Structure formats: structure tokens, C-alpha cells
Amino acid sequence: MTEIILDERAAGILAGVEQLLWIDGRATEASTGEWREVRNPARRGEVIGRVPAAGVEDVDRAVSAARRAFTEWRSVHFTDRARALLAIADDVEAEAEKFAQLTALDTGNALSSQARPEVKTLVSLFRYFAGVAGESKGVTLPAGDQQLQYTRREPLGVVACILPWNSPLMIAAFKVPAALAAGNTVILKAADDAPLTIQYLAQVCQRHVPAGVVNSLAGRGSVIGNALSTHPGVDKVSFTGSTEVGRGVAAQASERLAHLSLELGGKNPSIVFPDAVEDEGILDGLMLSSRFARQGQSCTAGSRLFLHEDIYDEMLEKLAARLGAMVVGDPLDEATDMGAVINQSQFDQISDFLEDGRNHPDLTTVLGGSAPTEGPLTEGFYHVPTIFGGARNDFRLAQEEIFGPVLVAIKWKDVDEVIRMANDSHYGLAAYVWTHDLDHALNTAHRIESGWVQVNQGGGQVVGQSYGGYKQSGMGREASLEGMLEGFTQIKQVNVKLRG
């Protein structure tokens, strides 16, 4: 039975947070004069802060500021840009606990299991891209004594970073330091439901970069996101979010042939071979790959659990016991393993999937299966860990991204069969393979159509490794030198005829 912990002091820790927009180095209200309330996922209806509701005029102001700043910032020596990124990292690290508490309050992610690690990732990526800032360089071609032929890697210009609500700081870390290190200026678009941490990050950045290099907006995605995607002054749109919304962003940006990168949804396979049951760490690994510590609100969640028939019952029983012991409760409580989902809409969407699973004649409810109907958890948008057994890969719950703490277990026998099922999805973001047979591990990893494969671990992503998806999970790569060069620079060829 899932333990319930709610801390009554948590609601007031950071209540009343107010963040302004950041445009041209200044904190400002929106031109609309309107404000949006930010609500606590852990307490239905509780207002924890507010942000200005930016409009199209504010987008124009931010783009103009970023374009003016770009001329100077692109010409700054890379060592100076690196120093700025390192200084930002130092300031975030010094205020890490404040960032973590604000993240927990803003997103519903548990402080200990998710919010603090997210802040560490932010710091690490700012430092990583400071270290590789000098790698944005060209090459000289051996063209003979009468020619000097060389290339320059130049920044794209103004980059709009449209961020999600599930892990806003971590996703900002994938985009912002890479863009800045390469010499671009940025405009952040904070998620409607979790804008506070992003606005505060923008505030910290102002201490170390010239005015207009980092701008940040809050407001409706249908207004701000659309305006950024279609604005002729935005050279690149970097979007993270759902595949459905990503299609719209892509259509808008592509209409004017803007640079574009998309990190979208996933319905990721987690394939367990028979010998993996002997691994003492597999349960911890499966817990991590399930992303239940983030309420399953992760595009890399291994939500399709393929268990070999020889170990199906044993593994399902053990995993259910481990996941069922997770502490679900107030995100700001140190004992909480799993917090609240972001809002009513997401809560209802997950509930709809749970109802489908409970009512499906072929599915069995191994764990959970419904939202709490009484007790403290009803005060917020809480779901509990859920596992459905007896699934087939063509079931709705195995094909659609639930974005909640729900696993569907699918039995398999033949390797070719399980790889076929794993690839039978329009998504291709992440995958997990569990076996100590080297041939099975590598052959399976190589045959799976995903941009990110982990073997015998549920995490494993570190700074410097390229991250991104196949198929409808997106385009482009982030969090790596390759991602910076491919995503935030362009090549100019210069040919000079020399006099003999």
C-alpha cells in the first residue's frame, strides 16, 4: 500500500512568489497589463504566485532586444562567454536549495528525488558548455599557395526556447547554455503551469550577460509560442513538449524556413531478458526507468514493460512490491518519493487511461489503478503508481503516451518478436535493455529504433552525450557538443585569392 505523507508547513514556504518578465536586461510587467496566477499542484486551487501574461507586443520587444544584443554577444571572445556561463553556474549552485524548493512548488516534483537532481543537472550543463565554448570553430582547407580557403562556425542569431512544465530547469539546461556558448542570444518561453523557476533563472543570468542576451517571457503558449514561432526576427525555435503541439510549432517555423529542433513525446520500451532477474539492481533500475519519481511525467519513461515469459510473474510481483512502497505526498516533504501531477487537465487525462485499463477485459490491475478518493491526497492532483498486466502491444495503453505513473506489462518469448513490438510505435525517443548477455544487449540496442538506449540502467545520461529522438519523437540533438554545433551554429565558407 502506498504510504501517504503531506506536510502542512509546505504550502506556505514559498507562497506569494511573484516573477516579472525579463526583456533587455530589465524586469518588466507585460504590455497587456494582465497577470496569470500560478497554482500549487499539491493543493487544489491554492495560488502560490503570479507572473505577467505577456502579449505579442512583449514578444516584439524581446526579439528586438535579443537582435540588438546579438551583434555584440556574437563577437565576444569565447573565453568571456565561458566565464559568463561559469558564473551563472556558480550562482545557481549557491542558490541550489532555493531553486529546488521553487521547482518542487512550481511543478509538483518531489524535492529529494527530482527537484534537487534537476538543479544539479542545470549547473553541470552550464559548466559543460562553458568548457566546450571554444569548439565552435572552422577548418582551413589545403587549397594551394594562391588560395586561403576556410570555414567559420557562426551563431544562428536569436533562439526562442519554448519550455515544458514537467522539468523546466533541466530542459532549459539542454538549450540555453549551448545557445549562449555558440554566441546566440535567447528568448525563453516559460511553461504556463510552471513559470516561476524559469523566470528566476533568467534573473540570475542578468548578472553575468549583457542586456538582451537572455530574455524570458511568461504567458499563454497559444499567444507567446505562436508569436515566437512565426516571428521573422527569430532565427531558430527550440521546442520541447508534446508531439501534437510540436507539429504545430514545426508547421509555423517551417513556413518561414527557420531553424528548428524538436524534443517530443515517447512511449518507450523496457525489455527484460530472463537472465536479468538475477541482477540485484534491476528493481532499482526499473524504478528509475519508470520515471515514477517524476509522476511518470517524462518523455523518456520506460512505460512499455516487456517481460520475458519465463520471468514475467516473478518480476511483476517484485516490481509491484517495490513501486507500491513509494511514498506519495507533498513535494516539499523530504520523505516524499513521488509528488503531484501538474494540473487538473493532466490529472483527468491520466484518470481516463486508468478507467480504460480497469475496464479492459484482457488487462489485470497489478498495482494501483485509480486515483485516491479519500484522505490527504485528494487535496492535490495525486495519482499513485499503477501497473496493468496482460497487455498486448496494440492496446491503447501500450501505444499512447499517458504521461503519468502507469506501466503496462507485455509478455514476450522471441527476441525478434520483442524488437518488432518495441519498434511498433510512431515514437522513438528512449529504450531500456536488461540483460547480461553481451550479444543480446548490443544486438537489441542496435536494432531498436530509438535515439537514446540504456543497457542495465534506468538513467545513465550524463552531460556531453547527445540526446534526442527518432521518428515522431523529434529532430535535432541536445546536451552535447554535437548538439551545440548542429543545433546552434551554421557554417560559412570563405575563399580568398592571394597574390603570388
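This is a predicted model: local features need pLDDT of at least 70, side-chain atom pairs count only at pLDDT 80 or more; totals for chains, interfaces and linings use all residues.
Because five of the five residues of β10 (residues 185-189) are buried, the strand is largely enclosed by the rest of the structure. The partner of β10 is strand β9 (residues 158-162), and the two pair in the parallel sense over five bridges. Within this pairing, Val159 stands opposite Val186 in β10.

A further open sheet is built of three strands in the order β7-β8-β25, with antiparallel pairing. Strands β7 (140-141) and β25 (489-497) stand at the edges with a single partner strand each, so one side of each is left without a neighbour in the sheet. Strand β8 (residues 147-155) runs antiparallel to β25, and nine bridges join the two. Helix α15 (residues 481-488) lies across β8 and β25 and runs at about 70° to β25.

Another open sheet contains seven strands, ordered β17-β18-β19-β15-β14-β21-β22, and its pairing is mixed. Its edge strands are β17 (364-367) and β22 (452-455), each of which pairs on one side only. On average, neighbouring strands of this sheet are turned by 25° against each other, direction ignored. Among the pairings, strand β14 (residues 269-272) runs parallel to strand β15 (residues 304-308), to which it is joined by four bridges. Here Pro269 stands opposite Arg304 in β15. Helix α13 (residues 415-423) lies across β14, β15 and β19 (406-412), and its direction is at about 150° to β19.

The remaining topic is the packing of two helices. Two packed helices are described by the angle between their axes and the distance between the axes. For helix α2 (residues 78-94) and helix α4 (residues 111-131), the angle is about 165° and the axes are 8 Å apart. Since angles over 145 degrees count as roughly antiparallel, α2 is therefore roughly antiparallel to α4. The crossing of these helices, α2 and α4, is left-handed. On the α2 side, the contact consists of Ala82, Leu85, Leu86, Ile88, Ala89, Asp90, Val92 and Glu93. These residues meet Val119, Leu122, Val123, Phe126, Arg127, Phe129 and Ala130 in α4. By class, the contact of α2 with α4 comprises twelve nonpolar and three charged residues, with no polar ones.

Technical notes: Residues are numbered from 1 along each chain as its sequence is written. Side-chain values use heavy atoms; hydrogens and water are left out. Two strands pair if DSSP finds at least two bridges between them. Contact means heavy atoms within 4.5 Å. Axes are lines fitted to C-alpha atoms, for helices over the stretch in contact, and angles run from 0 to 180 degrees between N-to-C directions. Angles under 35 degrees count as roughly parallel, over 145 as roughly antiparallel, 65 to 115 as roughly perpendicular and the rest as oblique. A crossing is left-handed if the near helix is turned anticlockwise from the far one by less than a right angle, and right-handed if clockwise. Ala, Val, Leu, Ile, Met, Phe, Trp, Tyr, Cys and Pro count as nonpolar, Asp, Glu, Lys and Arg as charged, and the others, Gly among them, as polar. Buried means under 20% relative accessible area, exposed over 50%, partly exposed in between (1.4 Å probe, protein chains only).
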